[in-house]
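I set out to record what I looked up in this model.

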Amino acid sequence: MDMTINRQKASGGASGYLTIDLGALRDNYLSLKARAPGAVTSAVVKANAYGLGADVVAPVLYDAGCRHFFVAHIDEALALRLRIPGDAALFVLNGLQPGNETSCAAMNITPVINSLEQLAQWASHAAALGKPLPAALQIDTGMSRLGMAPQELETLKTSPHLLDGIDITFVMSHLACADEPEHAANADQLSVMRRAIQMFPDAPVCFANSGGIFLSADYHNAVMRPGIALYGGAPSSVRPNPMKPVVRLDVAVVQTRTVPAGTLVGYGGSLRTTGETRLATLAAGYADGLPRSLSNSGAAYFNGVRLPIAGRVSMDSMSIDISALPEGTLTHGSLVQLIGPDQSLEDIAEDAGTIAYEILTGLGHRYRRTYIQQDMPAATGNATNADE
């Protein structure tokens, strides 16, 4: 899908436009699936589908063949359960918070069990209902974040009755360094995982995240679990990005001015002009997901021309140096590109000293969102509607 739609001038009064290419999203899913045809390819749609609208994104992925969806919290799962058909399996990565057992069981939501404590909660609820309940069992293979620690696995080994009433959907873990293909931790975690799953010889294995899909077939197993790659983010930090871009962000000019040499720009006067400078103030800032760390570092683009951010990024606005453009090129309401053909998610993240995940999930609620998809008319809605 061509993302270079007419974004020269704001229309309808919006301060910014976030274009989300659902066709590219679908193609990314199918591309990832094709890398391991024998595996089930699921989708991570936590954090409101990485900020892009789970209620829109998940049905597109379902139509592409996805039947397994991962979220982080129970409320995300409950909301998504109402948006996709009942044959879709929903998994809560953070597992069970006390009191969520009834909701999970009643709404056919599967917790990812990360500890003996969570396991005991779920087993107790299964006993109370008088029927087995499904669970994914996560093992900590070296990330020290979520999952059964080695000593907990030893307890399970000596006390298998702790799994009574639990139907293990699959055993899973999470790769910490999969975006660095040569990192030694990948092989180390694979080795730990292989030893751990010997305890569960009949259970399918879910191991590969976005980066893991691009490692060897040893990491693919029965279920793959991509996240950032679905949304156009690079699955590797050292290889060219094979994914199609899904998002484009254009922001409107509020005001332009020409200032003389020696003029201070923005909060704290962190930039002093060295000569006559033409500035444009943009209608977006850190409240809209453009980090303050882009101050005097990042840039916007117009027709391929880099326009450096001048001074500090404010809550609702920022200034850019437009001296490289012919005078009069940008006026009130003109749109400049923050994410798109001239600047990828990874580019803007590097300028901000962060990662594409943070940029993507931080894109705010004030942009006007347009969802485009091949063979379908464009659907436009504001961020509030898209994020409900």
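The entries below follow that order.

**Basis.** I worked from a predicted model, in which local features need pLDDT of at least 70, side-chain atom pairs count only at pLDDT 80 or more, and totals for chains, interfaces and linings use all residues. Residues are numbered from 1 along each chain as its sequence is written, and side-chain values use heavy atoms, with hydrogens and water left out.

**Strands.** I took helices (H or I, at least four residues) and strands (E, at least two) as DSSP runs numbered from the N terminus, and I counted two strands as paired if DSSP finds at least two bridges between them. I found β11 (residues 247-259) paired with β1 (residues 16-21) in the antiparallel sense over five bridges. Tyr-17 has Asp-250 of β11 as its bridge partner, and Asp-250 in turn has Gln-337 of β18. β18 (residues 335-339) runs antiparallel to β11, with four bridges. I also noted β14 (residues 277-282), antiparallel to β11 through six bridges; there Thr-277 is the partner of Val-259.

**Helix crossing.** I fitted axes as lines to C-alpha atoms over the stretch in contact, with angles from 0 to 180 degrees between N-to-C directions. The axes of α1 (residues 22-34) and α3 (residues 54-63) come within 10 Å and cross at roughly 45 degrees.
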